[in-house]
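Biologist: Thanks for sitting down with me. Could you walk me through this fold, one element at a time?

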Amino acid sequence: MTGKRKGGIIAALLVFMTLISGCGGSDENTVTIFMMDKAGSPSTIGETMEKGLKDKLGPDLKVEFNAMGIYNLQKLMVEYAAGANDIVILSKEDAVIYGKNGANLPLDAYFSPDDYPEGVFEGGISVEGEDDLRQEKHLYAIPASKLKMFKDTGYAPEELFVTVAVSTDNMDQSVKAIKAMME
């Protein structure tokens with residue numbers, strides 16, 4: 001098989017996967033969270049966080065927490081491209097990079113930017129009628145180090161930030177999950 005043909009097949013498969021993946025979590029009553037830390041994370045953090053969120057949120061809101069133990073830039077790109085996550089927890093550097101490309105939603109309406117100045121930066125906003133993203137300064141990320149749930153696990157790195165992905169099915173449910181991490 002020629003290189004051109006292989007490339008075309010791979011591109012077609014990626015497009016097909018993107019089309020069938022849908023957006024956000026499984027449904028509006030499920031919050032899907034993906035976490036990847038550049039420094040690596042404890043293998044049990046996903047289970048611990050998922051259990052803690054389920055206990056706080058009760059049966060009305062399901063939580064799926066997927067944590068990667070090692071950092072892999074390609075995996076992070078695939079997670080954003082697939083649009084299967086409501087909340088993405090990642091390094092500040094990655095939050096800023098993906099934020100500039102419009103991958104994260106502003107959180108100003110839900111949390112005070114003054115409380116989380118580390119999460120305020122320029123990011124891409126999609127504006128109806130405009131082809132290009134408009135760069136605007138907003139609160140796009142909440143530091144994990146300031147969230148009680150992370151502190152309680154003993155794993156609250158300074159460089160880890162919580163964002164809401166543009167692919168979220170339900171912003172209110174995503175914010176509810178973040179607020180549960182604060183309690």
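Modeller: Gladly! One definition before we start: axes are lines fitted to C-alpha atoms, for helices over the stretch in contact, and angles run from 0 to 180 degrees between N-to-C directions. Do keep in mind that this is a predicted model. With that in hand, helix α4 (residues 92–100) lies across β3 and β7, and its direction relative to β3 is about 120°.

Biologist: Good. In what order do the five strands of the open sheet come?

Modeller: The pairing in this sheet is mixed. Its edge strands, β2 and β6 (142–143), each pair on one side only. Reading across, the order is β2-β1-β3-β7-β6.

Biologist: Now α2. How far apart are its end C-alpha atoms?

Modeller: Helix α2 (residues 45–57) has 13 residues, and at 1.5 Å a residue these should span 18 Å. The model agrees with that expectation, the distance between the end C-alpha atoms being 18 Å.

Biologist: And where on α2 do the buried residues sit?

Modeller: The buried residues are Ile-45, Gly-46, Met-49, Gly-52, Leu-53 and Leu-57. They cover an arc of only 140° around the axis, so they share the same side of α2. Their cover includes β1 (30–36), β2 (62–68), α5 (148–153) and α6 (171–182). Turned away from that buried side is a face with the exposed residues Glu-47, Lys-51 and Asp-55.

Biologist: Which elements do the buried residues of α3 pack against?

Modeller: In helix α3 (residues 73–82), the buried residues are Leu-76, Glu-79 and Tyr-80. They fall within an arc of 95° seen down the axis, and therefore line one face of the helix. The face turned away carries exposed Gln-74 and Ala-81. The buried ones pack against β1, β3, α4 and β7.

Biologist: What happens at the start of α3, and which backbone nitrogen is involved?

Modeller: Here a side chain reaches toward the backbone: an oxygen of Asn-72 comes to within 2.9 Å. The nitrogen it approaches belongs to Gln-74.

Biologist: Last one: is His-138 buried or exposed?

Modeller: His-138 is found in strand β5 (residues 134–139). Leaving out residues up to four places away in sequence, His-138 touches Pro-106, Asp-108, Gly-119, Val-120, Phe-121 and Ile-125. Buried means under 20% relative accessible area. His-138 has 19%, so the residue is buried.

Conventions. Residues are numbered from 1 along each chain as its sequence is written. This is a predicted model: local features need pLDDT of at least 70, side-chain atom pairs count only at pLDDT 80 or more; totals for chains, interfaces and linings use all residues. Side-chain values use heavy atoms; hydrogens and water are left out. Helices (H or I, at least four residues) and strands (E, at least two) are DSSP runs, numbered from the N terminus. Buried means under 20% relative accessible area, exposed over 50%, partly exposed in between (1.4 Å probe, protein chains only). Contact means heavy atoms within 4.5 Å. The expected span of a helix is 1.5 Å times one less than its number of residues. The arc is that of the directions from the helix axis to the C-beta atoms. Two strands pair if DSSP finds at least two bridges between them. A polar contact is a pair of N or O atoms within 3.5 Å; within protein, one must be able to donate a hydrogen and the other to accept it, and residues adjacent in sequence count only if both atoms are side-chain atoms.
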